[in-house]
Amino acid sequence: MTALNPVQGAAAETARALESRTGGVLAIRLFGWINLAVMTAFLINNYLTYWQGFPGPGTGSADAQMQTGLYAVLALLAVAYVLYPGSPGLRADSERINRLNAFLIRWAFWAVVIVGVADATISFLRVEGVLEAVFGRQLASDLGRAQFRGGYVHMPLIALSVLLAAVTRTLGFYWLALLVVVSQLLIVLGRFVFSYEQAFLSDLVRFWYAALFLFASAYTLLEEGHVRVDVLYASFGETAKGFANAFGAIAFGMVFCWTILYFGLGSRQSIINSPMLSYETTQAGFGLYVKYLMAGFLGVFAVSMMIQFVSYLFAAVADMRGEPGGRELTGSIKH
């Protein structure tokens with residue numbers, strides 16, 4: 001292949017940039033980014049309505065109209081980004097979304113690690129009857145209430161996790177898997193060696209294992225690690241594979257994620273909102289106070305998978321069009 005001189009290279013780059021804003025490519029990018037914008041508006045409105053007491057989107061009060069207008073504002077920002085002359089193409093968009101999703105998952109990973117450790121420590125001190133000696137009578141009593149522990153212990157730790165996610169670059173799933181194994185080992189040693197068994201240890205294993213399973217799903221999709229029922233796919237060419245992946249990302253992936261979000265966050269009594277709003281806890285006597293967060297894991301799963309499916313859609317369309325720059329999966333995670 002003859003190397004392009006600088007002028008030819010610049011012309012080719014300009015042609016690709018123009019092509020990324022025309023025809024089907026433009027439509028796909030608009031669809032993907034507007035989808036993410038609407039999801040963001042939906043999540044913000046869910047918080048405003050059920051956590052802050054706003055009336056919800058509608059045509060009544062000024063607050064309701066503001067919540068409705070949020071959808072239009074974010075959608076218009078998505079359109080402006082796509083139509084901006086300097087906006088990237090499908091490959092660059094896909095990588096940008098991957099990086100955003102990686103940050104969100106790192107945030108979730110660090111949150112469950114430090115919340116799990118902190119809550120297990122509080123529960124251990126409470127079981128052993130030394131919580132009052134360490135924190136005083138009033139604070140020890142407050143830490144026994146789910147609303148207090150959730151609002152004044154868990155939430156600040158989750159906020160702190162943003163900083164940890166910003167300064168780290170690894171997703172840490174191997175470490176989370178190791179923590180699950182170590183916590184299970186502690187249960188076995190405590191039960192059969194020291195005759196010591198407490199509910200909070202089993203809760204900690206379930207808490208971390210649920211996070212490992214749900215949070216790692218988007219990363220596994222990125223690395224093509226999900227099990228693919230391969231009947232015809234292996235025989236497809238690159239164009240057909242790109243079409244199959246794009247169709248699957250929309251028809252199955254995004255629809256599935258929106259189903260979870262709608263039924264999980266559609267009302268105050270929905271399966272995600274209800275336990276989180278009430279800071280629901282396990283019925284075990286001195287277990288962890290994190291059951292409500294485990295309901296939120298389903299929302300994190302849906303959001304992270306939605307973001308990853310949009311990235312997957314962009315990459316699939318680029319593959320279908322034969323654009324250069326596709327990732328070669330040479331790591332250990334393959335299907």
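Read along the sequence, the protein follows the pattern α-α-α-α-α-α-α-α-α-α-α-α, with 12 helices and 0 strands, where helices (H or I, at least four residues) and strands (E, at least two) are DSSP runs numbered from the N terminus. This is a predicted model, in which local features need pLDDT of at least 70 and side-chain atom pairs count only at pLDDT 80 or more, while totals for chains, interfaces and linings use all residues. Residues are numbered from 1 along each chain as its sequence is written, and side-chain values use heavy atoms, with hydrogens and water left out.

**Overall packing**

- Of the 335 residues in the protein, 42% are buried, buried being under 20% relative accessible area, exposed over 50% and partly exposed in between (1.4 Å probe, protein chains only).
- Among contacts with a separation of 6 or more, 78% are between residues 24 or more positions apart, a contact being heavy atoms within 4.5 Å.

**The largest pocket**

- The largest pocket has a volume of about 1,100 Å³; on a 1 Å grid over the protein atoms alone, a pocket is an open set of points with protein on both sides within 12 Å along at least five of seven lines, unlike a cavity, where a 1.4 Å probe fits but cannot get out.
- For such volumes, grid points are joined across faces, edges and corners, and the volume is the space filled by probe spheres set on the points.
- The lining of this pocket comprises 30 residues, of which W107, I158, M276, G296 and V300 lie nearest its centre, lining residues being those with an atom within 4 Å of a point.
- Two or more lining residues come from each of helix 2 (23–50), helix 4 (90–127), helix 7 (146–167), helix 9 (199–222), helix 11 (273–277) and helix 12 (291–320), and helix 4 gives the largest share, 8 residues.
- By residue class, the lining holds 23 nonpolar, 7 polar and no charged residues, with Ala, Val, Leu, Ile, Met, Phe, Trp, Tyr, Cys and Pro counted as nonpolar, Asp, Glu, Lys and Arg as charged, and the others, Gly among them, as polar.
- Because domain 1 (8–87) and domain 2 (90–321) both give residues to the lining, the largest pocket lies between them; the domain bounds come from an automatic or database domain assignment.

**Annotated transmembrane regions**

- An unreviewed UniProt entry places the feature "transmembrane region" at residues 26–48, 69–87, 107–127, 148–167, 173–194, 206–222, 242–265 and 286–314; these positions are given in the numbering used here, feature names are shortened, and annotations may be inferred rather than shown by experiment.
- In the model, residues 69–87 are 79% helix and 0% strand, with end C-alpha atoms 25 Å apart.
- Residues 286–314 are 83% helix and 0% strand, and the end C-alpha atoms of this span lie 48 Å apart.

**Individual residues**

- A64 lies in helix 3 (residues 62–83) and is buried, with a relative accessible area of 4%; not counting residues up to four places away in sequence, A64 touches P55, G56, P57 and G58.
- E323, in the segment after helix 12, is partly exposed, with a relative accessible area of 24%, and, leaving aside neighbours within four places in sequence, E323 contacts L90, R91 and A318.
- The C-alpha atoms of E323 and R91 are 8.3 Å apart in space, although the two residues are 232 residues apart in sequence.
- Y279, in the loop between helix 11 and helix 12, is buried, with a relative accessible area of 13%, and is a residue other than glycine with a positive phi, near 50 degrees.
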